[in-house]
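Student: I would like to learn how to read helix packing and domain contacts. Where do we start?

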Amino acid sequence: MNILNLIFIFCSSLVYILLYNVNRIINYPLINLCALEKCPFCYGTDLCDEFENGKFEFKISSFENVIANLFSVKNVYYAIYKNRSVVLKKLAHDYELDELDQFIHENYVGSRISNKDILEILYPKGDLIGNNYVVENFHLCTHKTAENFFQQIKWYEDPNEVIEQVWYTIKVNVEPLLLKILSSKVFPIPKYLGACGRIIVEENRGQMLSNFYYADWQIRTNISVQLLKAAEVFTEKHDLFRFYLTDISPDNIAVDANMTITFVDLENIIITNHLASGVQSIHHSVDMESDDGFAFSPNEICSHSLSDHNYYAICKLLLSESAPWPMVKGGFLHSPPVGILLQFPKLFELVELCVHPNAKINRFDAAKEITDILEKALQFLNT
Ligand SMILES: Nc1ncnc2c1ncn2[C@@H]1O[C@H](COP(=O)(O)OP(=O)(O)O)[C@@H](O)[C@H]1O
Ligand SMILES: [Mg+2]
């Protein structure tokens, strides 16, 4: 057998495997992903009829979607629902869900969850902190913040929601709760469409920011303006709370066909009230020069009425020339047109000042100046 025959057999096998798997996912009933039998320890049931009636189909319009749906390393699936592109999320790895199931089995089967149980996981006291099952990535700063948050999520007074669902969601990943709380248009987050069992559905907001690393400078500038504005929106624009995102990365930000950004992973977050302590004090994140990493202290953030954390994260992790590799090597604004450097010589100095502010300028002001310059740069490039 010559080499051409071997190549032919190899390619045919690949095509066969691919077609077999495409066929498999086309015919896969998506209701099977929902593990409905686990309810009421699940995210909800409002979309179950739609799943049962086959209204959701795996998206197979691109090779990437097929691969993502076949292997789904992150337990995220791409689907079509009412002609709309959506993502189905299990919100955790299977082993994490299994561990929590074991915990539920040992502690809660047969007994109802109470309001007290919910408050305890929202604001764990001393001895609970060592408990593995306390939500780690989600931090409500004070007891008052927890009570306010609790008031916002008491959907289970709605007969379609049960208290176990709210409890379970907090335990696994608060993302759907935040998507509901932040559902006004101001916040750059995906629209939450509902849940069935252990699956939530949200709109597909596009490709990851990391895919835009080589996009035109103009496109990256437009995106950077939105990133800096988002830092302000999450910090300032909710009536009750400030939201500090603690897992900002190019994989957790999506960009749609109109180049509009969305924060798609809201699992890691610190929430404070606007006037957490009654004392006006501003927290400035300390940049550890010696350390390439990104460190923050929830306690520090929580003990001030305002923190520059979101600005710090955007500048340090995405925009700065020294953004840690492999996140955004050289910063998202790398390789500017020469005309921009001549016209706006302070731009990159300000980006670095946003990471390491000094006595003359704080991060809030640096971010505002960068935004102004980037907006002017966009006008300049358009003329
Ligand atoms: N609403 C969405 N729109 C488009 N892509 C999404 C959306 N939500 C998640 N993704 C994709 O799925 C990946 C994993 O989802 P994410 O919520 O970040 O889970 P994890 O907590 O495992 O990081 C993201 O990096 C992104 O590529
Ligand atoms: Mg993520």
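Tutor: With handedness. A crossing is left-handed if the near helix is turned anticlockwise from the far one by less than a right angle, and right-handed if clockwise. Helices here are DSSP runs (H or I, at least four residues), strands are E runs of at least two, and both are numbered from the N terminus. In this structure, α13 passes α14 in a left-handed crossing. Two points on the source. This is a predicted model: local features need pLDDT of at least 70, side-chain atom pairs count only at pLDDT 80 or more, and totals for chains, interfaces and linings use all residues. Residues are numbered from 1 along each chain as its sequence is written, with chains lettered from A and ligands numbered from 1 in the order in which they are written.

Student: What else describes such a pair?

Tutor: Two packed helices are described by the angle between their axes and the distance between the axes. Axes are lines fitted to C-alpha atoms, for helices over the stretch in contact, and angles run from 0 to 180 degrees between N-to-C directions. Under 35 degrees is roughly parallel, over 145 roughly antiparallel, 65 to 115 roughly perpendicular, and the rest oblique. For α13 (residues 347-355) and α14 (residues 363-382), the axes come within 9 Å and cross at roughly 150°. The two are therefore roughly antiparallel.

Student: Which residues of α13 and α14 make the contact?

Tutor: Contact means C-beta atoms, placed from the backbone, within 7 Å. α13 gives Leu-347, Leu-350, Val-351, Leu-353 and Cys-354; α14 gives Arg-363, Ala-366, Ala-367, Glu-369, Ile-370 and Ile-373. Nine are nonpolar, none polar and two charged. (Nonpolar: Ala, Val, Leu, Ile, Met, Phe, Trp, Tyr, Cys, Pro; charged: Asp, Glu, Lys, Arg; polar: the others, Gly among them.)

Student: At what angle do α5 and α6 cross?

Tutor: Roughly 130°, with the axes of α5 (residues 115-122) and α6 coming within 9 Å. That makes α5 oblique to α6. The crossing is right-handed. Ile-118, Leu-119 and Leu-122 of α5 meet Ala-146, Phe-149 and Phe-150 of α6. By class, that is six nonpolar, no polar and no charged residues.

Student: How is the protein divided into domains?

Tutor: Domain bounds come from an automatic or database assignment. Here they give domain 1 (111-189) and domain 2 (207-382). Their C-alpha centres lie 27 Å apart. 20 residues of domain 1 are in contact with 19 of domain 2. On the domain 1 side, β4 (138-140), α6 (143-152) and α8 (175-181) each give two or more residues. The largest share, four residues, comes from α6.

Methods. Contact = placed C-beta atoms within 7 Å.
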